[in-house]
Amino acid sequence: MLWNTLLLALREIRRNVMRSSLTILGVVIGVAAVIIMVTLGGGASAQITAELASLGKNLLIATPGAGQSALGVTSSAPPFKLNDVKAIDQEISNVMAVAAAATKSMQIVYGSKNRSTTITGTDNAFFKVKNWPINQGRPFSEAELLAGKPVCILGTMVRDALFGSQNPLDASIRIGKLSCEVIGVLKSKGGWMTGINQDDLVVMPLQTFQRRIAGNRDVDIIYVEAASGEVTAEVKRNIELVMRERRHLQQNAENDFEVDDLTEIVNTVARTYRVLTTLVGAIATVSLVVGGIGIMNIMLVSVTERTREIGIRLAIGARGKEVLMQFLVEAIVLASFGGIVGILLGLVGSVIAAHFLKILFIPNLAIVIIAFMFSGAVGVMFGYFPAHKAARLNPIDALRHE
C-alpha cells in the first residue's frame with residue numbers, strides 16, 4: 001500500500017514539475033541557508049581557535065596599559081623593563097619560560113628588494129613560549145644575546161619577499177641603517193583571518209634592538225608560559241601581584257597593565273561563534289517554515305483541483321485514511337526532495353564561500369541530518385491539514401464537483 005501511495009505521489013509530482021519545483025523552493029533555500037551558515041560559522045570558529053592556539057601553549061601575555069588587547073602594544077602607560085621580566089621568572093612558581101619582546105615597524109632592504117615589516121627584539125625563550133621552531137639555520141648564541149650582535153632570524157614571508165628561492169643564511173640585510181646577518185628562518189605559521197600574517201617579521205637579539213634600533217631599554221610585551229592549563233589562572237594572578245608591586249600601584253588603584261590568558265581568549269571566541277552560529281542558523285530556519293507554508297498552500301490547491309478524482313476513489317471503496325496517506329506522502333516527498341536539493345546546494349555553497357572567505361571548510365554531518373529530518377517534518381506538519389481535508393470529503397459532493 002505504501003509503495004503504491006509513493007508511486008502515486010511521484011506521478012502527481014511529475015505531472016506538475018514546474019509547480020512542484022516552485023513549491024519546494026522555500027525548503028531548498030531554508031536547508032541550504034542553515035547548512036551554509038552553520039558550516040561557515042563552525043569553520044571560522046575552528047580557524048580562529050587554531051590561530052590563537054598557535055601563538056603558544058598555556059600562554060600569558062603581559063602588556064603595559066589598561067584595557068588593551070593581548071595582541072597589541074600601547075604607550076599609554078610606563079613600559080616594562082628587563083628587571084620586571086627577571087622578577088616574573090624568579091618570583092613566580094609554575095612558570096616554564098618567560099620571554100621579553102620589543103617591536104617596531106621598519107623598512108628592510110636586501111639588494112634591490114625591500115619591504116616594510118615588524119622587527120622584534122627578544123631572546124631564545126621567545127621561540128619556546130610561542131611554540132615557534134626554527135626551520136632553517138640556528139637560534140641566537142649566548143654571546144650574540146649578551147653582546148647585542150647584529151644577527152637576525154626571518155619569518156618565511158620576509159624570506160620569500162627578499163630572497164625568493166635563494167638560501168638566505170649568512171646573507172646581510174639592512175634594517176634602517178643597521179646591517180644584520182641572517183642566521184635562521186622560522187617555521188611558517190600562516191596568516192590570520194584579519195589579514196595579518198604572523199610570518200611577516202624579523203627577530204633579533206633584544207640587546208641589539210634596544211641599542212641599535214629603539215635607543216631605549218623598554219620592553220613592550222612579556223610572554224609567560226605556564227606549566228599547565230590548570231595553573232594559568234594562578235600564574236596570571238601572581239603576575240598581576242608582582243607587577244603591581246613593582247609599578248608601585250596603590251591598593252585601590254587600577255592596573256596600568258594587562259595580563260591576558262590566551263586560553264580564556266580562545267574559549268571566549270569559541271563561545272561567541274557558537275552563539276552567533278546558533279542565532280544565524282535559527283534565522284535561516286525561518287525559510288524552512290516559509291517553505292512549509294508554500295507546500296501547504298499548493299497541497300490545498302491540489303486537493304481542490306483533484307476533488308473529482310478523490311470522489312471517484314472514495315466511491316469505489318478507498319478509505320479516508322488511504323486518501324489522507326496519499327496526500328500526506330506527496331507533501332513529505334516534496335519536502336524531502338527540497339531537503340536533498342538544499343543539502344547539495346548548501347554543501348557546494350559552503351565550499352565556495354569558505355574558499356573566497358579563506359576560512360576552513362569543516363562539514364557538519366549532524367546539521368545535514370538535522371536539516372533533512374526537519375525538511376521531512378515540515379512536509380508532515382504542513383501536509384497534514386490538506387490531506388485531512390481531502391480524506392473528509394463527501395464522495396457524493398466530490399463527484400458533483402466541476
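**The second largest pocket**

Mentor: In this predicted model, the second largest pocket has a volume of about 420 Å³. Its lining is made up of 16 residues, and of these the closest to the centre of the pocket are Leu82, Val85, Lys86, Asp123 and Leu206. If you then ask which elements give two or more residues to this lining, they are helix H4 (82-91), strand E2 (95-110), helix H6 (142-147) and helix H8 (206-214). The largest share comes from H4, which supplies five residues of the lining. Sorted by class, the lining of the second largest pocket holds nine nonpolar residues, three polar ones and four charged ones.

Nonpolar residues also come together on the surface, where Phe337, Ile340, Leu344, Leu365, Ile369, Phe372 and Met373 form a nonpolar patch whose accessible area, taken together, is about 690 Å². Two helices, H12 (320-357) and H13 (365-391), each supply at least two residues of this patch, and H13 gives the most to it, with four residues. Phe372, one of the residues in the patch, is found in helix H13. Phe372 counts as partly exposed because its relative accessibility is 33%, a value that falls between the limits of 20% for buried and 50% for exposed.

Note on methods. Residues are numbered from 1 along each chain as its sequence is written. This is a predicted model: local features need pLDDT of at least 70, side-chain atom pairs count only at pLDDT 80 or more; totals for chains, interfaces and linings use all residues. Side-chain values use heavy atoms; hydrogens and water are left out. On a 1 Å grid over the protein atoms alone, a cavity is a set of points where a 1.4 Å probe fits but cannot get out, and a pocket is an open set with protein on both sides within 12 Å along at least five of seven lines; lining residues have an atom within 4 Å of a point. Grid points are joined across faces, edges and corners, and a volume is the space filled by probe spheres set on the points. Ala, Val, Leu, Ile, Met, Phe, Trp, Tyr, Cys and Pro count as nonpolar, Asp, Glu, Lys and Arg as charged, and the others, Gly among them, as polar. Patches are made of residues with over 30% relative accessible area and no salt bridge: like charges are joined within 9 Å, nonpolar side chains (Val, Leu, Ile, Met, Phe, Trp, Tyr) within 5 Å. Accessible areas come from the Shrake-Rupley method with a 1.4 Å probe; for residues, only the protein chains shown count as cover. A salt bridge is a side-chain nitrogen of Lys or Arg within 4 Å of a carboxyl oxygen of Asp or Glu. Buried means under 20% relative accessible area, exposed over 50%, partly exposed in between (1.4 Å probe, protein chains only).
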